[in-house]
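Please read it beside the coordinates.

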Amino acid sequence: MKKRIFLMRPSLAKEDFDQIKKVLRSKFLTEGDVTKRFEAKIASYVHARYAIATTSATTAIHTALECIGIKGKKVLVSDFTFPATALAVRLAGGIPVLADVDKDTMNITTEIAENSLDDYTRVILPVSLFGNPLERDFYKFRRIGINIVEDAATNLGTKIGRDHVGSLADITCFSFHPRKIITTGEGGMITTNDKRVDERCRSYKTFGKVKGEFIQDGTNYKLSDILSALGLAQFSRLEKIITKRLQMAKIYDELLSKISVIEPQKTTVGGRNTRQSYTCYVTKEHLRDKIREKLAHENIESQIGTYALHRLPVFKKCLRKGSLSNSTFLYKNSISLPMHEELSQDDQELICKIIQAASNQQ
Ligand SMILES: Cc1ncc(COP(=O)(O)O)c(C=O)c1O
């Protein structure tokens, strides 16, 4: 049996187990001081005033949108993303309007957003994807009264210039799912500089409570101290994890530069791309699936980049801007390669050799 090369393996250390055990021993298992400390660490790291922990990025985005109020309103959403982005808009009573992305950075650009906005759209939900930041001037839409709620589920640690993603949009939402840079198993975080947003989100995720009184609608999206203990322990290694990923990305970059049909995601100018996923597109039609088959045959996991939402049954009738051709192209031709600390240089060389052989056969 060939060795399995996983797409993703969370980085787990003794400290992670110790911190979880400590919470279990305390017998305080719901959201409490440990989650507060986790929130404070994330807020300070991304240079935001407030951080609010939730059960996932999906519930973080839902909470954020409920709190700014989007019922019956249009929200411009990147089409190339995980379904959760637009599902959260619908959950909060909004109307997603799907917009294209740039083929190379795989993110929505300022130009695409400019061409997609109409007089009725006051909220944009851009996705910064796979560790790659949005363009610096994307945030200029805030100056004309448009709210930016950034889906940065994949992008903790991402920077544009010296600024951390998490401090630039009105509201930013992160994920701690196991495929993300650091994990709590399942979990999410909202960051903002707006005190009112902080208060509303905090109340919404805690049954609508304010100072112990149930005064408005809400739900339970609290993050248990057990999970936050894991988050805190993981957070202490965040920069180390990113450095290792950047080293692995460099090896892939070099190996794949010799294969003419493979184009790795391009980092936005001035950005630190943390490479949450190492995602490429394949320029020859149908070759992506052949490559994935060959890798699977060698017991190597891979994944498509992500989805073109307008191609999914649930969003078929969604409003859209333009042809969404880049998103469609990436949905059909993008591939994410294994990326985690257990991956060796030999593994990376083997993966690229298989990709090269599959490409030559076409
Ligand atoms: C871009 C994007 N947004 C949202 C989500 C949902 O995150 P979560 O699983 O934490 O709800 C994901 C998950 O992969 C994602 O990639």
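The notes below are grouped by topic.

The model is predicted: local features need pLDDT of at least 70, side-chain atom pairs count only at pLDDT 80 or more, and totals for chains, interfaces and linings use all residues. Numbering starts from 1 along each chain, as its sequence is written. Helices (H or I, at least four residues) and strands (E, at least two) are DSSP runs numbered from the N terminus.

**Ligand shell**
- There are 15 residues around the ligand, and S56, A57, T58, A153 and S175 come nearest; a residue is near a molecule if its C-beta atom, placed from the backbone, lies within 6 Å of it.
- The shell holds 6 nonpolar, 8 polar and 1 charged residues. Here Ala, Val, Leu, Ile, Met, Phe, Trp, Tyr, Cys and Pro count as nonpolar, Asp, Glu, Lys and Arg as charged, and the others, Gly among them, as polar.
- Helices α3 (57–68) and α4 (84–91) each contribute at least two residues to the shell.

**Sheet of 3 strands**
- This open sheet runs in the order β8-β7-β14 with antiparallel pairing; two strands pair if DSSP finds at least two bridges between them.
- Its edge strands, β8 (163–164) and β14 (271–272), each pair on one side only.
- Strand β7 (residues 159–160) is joined to β14 by 2 bridges, and K159 has R272 as its bridge partner in β14.

**Sheet of 4 strands**
- A second open sheet, also antiparallel in its pairing, has the order β13-β15-β19-β16.
- At its edges stand β13 (262–264) and β16 (303–304); each has a single partner strand, so one side of each lacks a neighbour in the sheet.
- Between β16 and β19 (residues 334–337) there are 2 bridges, and the two strands run antiparallel. Q303 lies opposite S336 in β19.

**Residue L232**
- L232 sits in helix α7 (residues 225–235) and is buried, with 22 other C-beta atoms within 10 Å.
- Beyond its neighbours within four places in sequence, L232 is in contact with Q19, V34, R37, F38 and K41; contact means C-beta atoms, placed from the backbone, within 7 Å.
- K140 is 92 residues from L232 along the chain, and their C-alpha atoms are 33 Å apart.

Technical notes: Buried ≥ 20, exposed ≤ 12 C-beta atoms within 10 Å, placed from the backbone. Contact = placed C-beta atoms within 7 Å.
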